[in-house]
Amino acid sequence: MFTTFMLLAAAGLGFRLALSWGLRRQYDRRLAIPDLFALVLLVLAGLPDWLSPIPFPFPFSFTLGAVLPDLLIRRL
């Protein structure tokens, strides 16, 4: 049985893959997020609402699924 965390992470990964595929097919561009920006997004998603400096609309697991390929794979 899948947990909500796993389902949201899979949705984030699916969103990322669909966006990458669409950008590559339509504009012949690659989607890559710098490591520092990916870490900042993860920290913003992990902060509680009352501590966050700006409102971040996505949960931590969705954000993790969306930026995990950039953190694991080094592109040149």
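The expected span of a helix is 1.5 Å times one less than its number of residues. Keep that rule handy for this tour of a predicted model, where local features need pLDDT of at least 70, side-chain atom pairs count only at pLDDT 80 or more, and totals for chains, interfaces and linings use all residues. Residues are numbered from 1 along each chain as its sequence is written, and side-chain values use heavy atoms, with hydrogens and water left out.

Start by selecting residues 60-72, helix H3 (helices are DSSP runs of H or I, at least four residues, numbered from the N terminus). Its 13 residues should span 18 Å, and the end C-alpha atoms are 17 Å apart, which agrees.

Now centre on Ala66, where H3 bends by about 40 degrees (the angle between axes fitted to the seven residues ending there and the seven starting there). Pro69 follows within four residues.

Next, colour the buried residues of H3, among them Ser61, Phe62 and Asp70 (buried means under 20% relative accessible area, with a 1.4 Å probe and protein chains only). Show helix H1 (4-27) and helix H2 (35-46) too: their residues are part of what covers the buried ones.

Then select Ala38, Leu41, Leu42, Leu64 and Val67, the largest nonpolar core (buried Ala, Val, Leu, Ile, Met, Phe, Trp, Tyr and Cys residues joined through side-chain atoms within 4.5 Å). H2 gives the most to this core, with three residues.

Stay on Ala38 for a last stop. Which residues does Ala38 touch, not counting those up to four places away in sequence? The answer is Ile33, Val67 and Leu71 (contact means heavy atoms within 4.5 Å).

Notes:
Helix = DSSP H or I, 4+ residues; strand = E, 2+ residues; numbered from the N terminus. Buried < 20%, exposed > 50% of the residue type's maximum accessible area, 1.4 Å probe, protein only.
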